[in-house]
Amino acid sequence: MPSIERRTFLGTLSAGVVAGFGGCSSSCPDNDRPEPTTTFGPGEAGRGFDSLPGGDWPTPRFDPANTGFAPSRRPPTDAPTLRWRTTLPAPTVDGVTADVSPPTVADGRVFFTTGAGVFALSLRDGSELWQYGDLSPVTPTSRAPAYGAALAPPVIHDDTAYVPTADGVTALRTDDGTERWLAAGVAPAGTPAVADGAVFVPAGDELVALDTAGGGRRWTTTTSGGSR
């Protein structure tokens, strides 16, 4: 078993969108690592948000269509401000180059996956609201080989966090982290998408559709490209 490590994650405010967890946006070149324009020293703790920024970012690329674009509600700021910092367990996962998934944001909460499970943090101050640790995170292969494999994040839809795991897809309540259902018998190879009452799960050379109500399998189809 890997030893438990702890990592510090930062929350910043920029144009009303939560950022600063590290990683790359859709605009990053495939072969170049992102260079931060602003860094924060270890002594800057932040004080949380006075009022929460508007808008959600419920999937890694914003929506089921993977557009990576969200309509702006306010002019972008040119002065990002550290609002909070939190430290959580992040044990090493074999073959993974990032020990924390990209964050997803909804309903005033920030969700992500580490080797210790799924976490929900308060968007206001970064405090831990709940943890669900009984799972093995999925590590889909990145489309940009330079970045290697990374943990798949929870996908948020209608007060539910859909988490791809080695044991299937787990659906958790976003308010308290309790399990709604577990769909075993499907092996996710990437991050699912949720639309029209179904969870669409890439599973190797198959695409599986699960019902959001109880996790039952609607259908399975074979894909030509395999997992990516």
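Biologist: In what order do the strands of the open sheet that contains E14 and E17 stand, and how are they paired?

Modeller: The order is E14-E15-E16-E17, an open sheet of 4 strands with antiparallel pairing. Strands are DSSP runs of E with at least two residues, and helices are runs of H or I with at least four residues, both numbered from the N terminus. This is a predicted model, in which local features need pLDDT of at least 70 and side-chain atom pairs count only at pLDDT 80 or more, while totals for chains, interfaces and linings use all residues. Residues are numbered from 1 along each chain as its sequence is written, and side-chain values use heavy atoms, with hydrogens and water left out.

Biologist: What makes strand E14 and strand E17 the edge strands?

Modeller: Strand E14 (193–195) and strand E17 (217–222) each pair on one side only.

Biologist: How do you know that E14 and strand E15 are paired?

Modeller: Two strands pair if DSSP finds at least two bridges between them; 3 bridges join E14 to strand E15 (residues 198–203), so the pair meets that definition, and the two run antiparallel. Within this pair, valine 194 stands opposite valine 199 in E15.

Biologist: What makes the largest nonpolar core a core, and which residues have the most contacts inside it?

Modeller: A nonpolar core is a set of buried Ala, Val, Leu, Ile, Met, Phe, Trp, Tyr and Cys residues joined through side-chain atoms within 4.5 Å, where buried means under 20% relative accessible area, exposed means over 50%, and partly exposed lies in between (1.4 Å probe, protein chains only). The largest such core has 13 residues, and Tyr162, Val169, Trp181, Val186, Val199, Val201 and Leu210 have the most contacts inside it. Its largest share, 3 residues, comes from E15. A second, separate core has 11 residues, including Val118 and Leu172.

Biologist: Why is the meeting of arginine 173 and aspartate 175 called a salt bridge?

Modeller: A salt bridge is a side-chain nitrogen of Lys or Arg within 4 Å of a carboxyl oxygen of Asp or Glu; arginine 173 and aspartate 175 meet at 2.5 Å, N to O, so the name applies. The side chains of aspartate 176 and arginine 173 also form a salt bridge, at 3.4 Å.

Biologist: Where in the protein chain is confidence lowest, and where is it highest?

Modeller: Confidence is given by pLDDT, the predictor's value for each residue from 0 to 100. Its mean is lowest in strand E2 (residues 17–19), at 35, and highest in strand E13 (residues 179–183), at 95. Over residues 12–31 the pLDDT is below 50. Where pLDDT is low, the predicted coordinates should not be read in detail.

Conventions. Contact means heavy atoms within 4.5 Å.
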